[in-house]
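Here are my notes on the model you sent over. Have it open while you read.

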Amino acid sequence: LPASLPLLVSPPPAAMICVPSSARSSGLEGALAAERKRVEEKEQELVALHGMLAQLETSIETQAREARLEQNRLSALEHKLAQRQLDNSGEETVEKLLMALSEKTRVARELENQVQELEKQLVEE
């Protein structure tokens, strides 16, 4: 070919350029090590999430147990109140029991609401 004519041959694509196998191997080993590290981090995150989930479940169970105990206390107060209402001589005592019952009912409702919120959060997670 005359020197005045441009060369129409394009250079080989990057994929075809020969890279020494040790350099390619080293790059692949680095990528593998990075991927293993990422997988290990994800596994640690998963273990942490399982731990938090177990704590949440325990908390929900505890609050549910407390709510049941509170309901039992309310039932006992209601029973005492019913007995006191039969005996009108202790009006002050009945008033105190009614106030205690009202407070216990409020606390039981709050606990029940908390249990429902925690259960909702557990389902969402």
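The points below cover the ground rules, the core and the salt bridges.

1. Ground rules. This is a predicted model, with local features needing pLDDT of at least 70, side-chain atom pairs counting only at pLDDT 80 or more, and totals for chains, interfaces and linings using all residues. Residues are numbered from 1 along each chain as its sequence is written, and side-chain values use heavy atoms, with hydrogens and water left out.

2. The core. The largest nonpolar core has 7 residues: L74, L77, L81, V94, L97, L101 and A108. By nonpolar core I mean a set of buried Ala, Val, Leu, Ile, Met, Phe, Trp, Tyr and Cys residues joined through side-chain atoms within 4.5 Å. Buried is under 20% relative accessible area, exposed is over 50%, and partly exposed is in between (1.4 Å probe, protein chains only).

3. Who supplies it. Two or more residues of this core come from each of α1 (21-86) and α2 (91-124), and α2 gives the most, with 4 residues. Helices here are DSSP runs (H or I, at least four residues), numbered from the N terminus.

4. What does L81 touch once its neighbours within four places in sequence are left aside? L81 is in contact with V94, L97, L98 and L101; contact is heavy atoms within 4.5 Å.

5. Look at the accessibility on either side: E70 is buried at 5% relative accessible area, whereas R73 is partly exposed at 41%.

6. Which residues are linked in a network of salt bridges? They are E103, R106 and E110. R106 pairs with E103, where the closest N and O atoms are 2.4 Å apart, and with E110, where the closest N and O atoms are 2.3 Å apart. Both pairings run along helix α2: E103 and R106 are 3 residues apart, about one turn, while E110 and R106 are 4 residues apart, again about one helical turn.

7. E103 is partly exposed at 38% relative accessible area, and R106 is partly exposed at 38%. E110 counts as partly exposed too, at 40% relative accessibility.

Key: A salt bridge is a side-chain nitrogen of Lys or Arg within 4 Å of a carboxyl oxygen of Asp or Glu.
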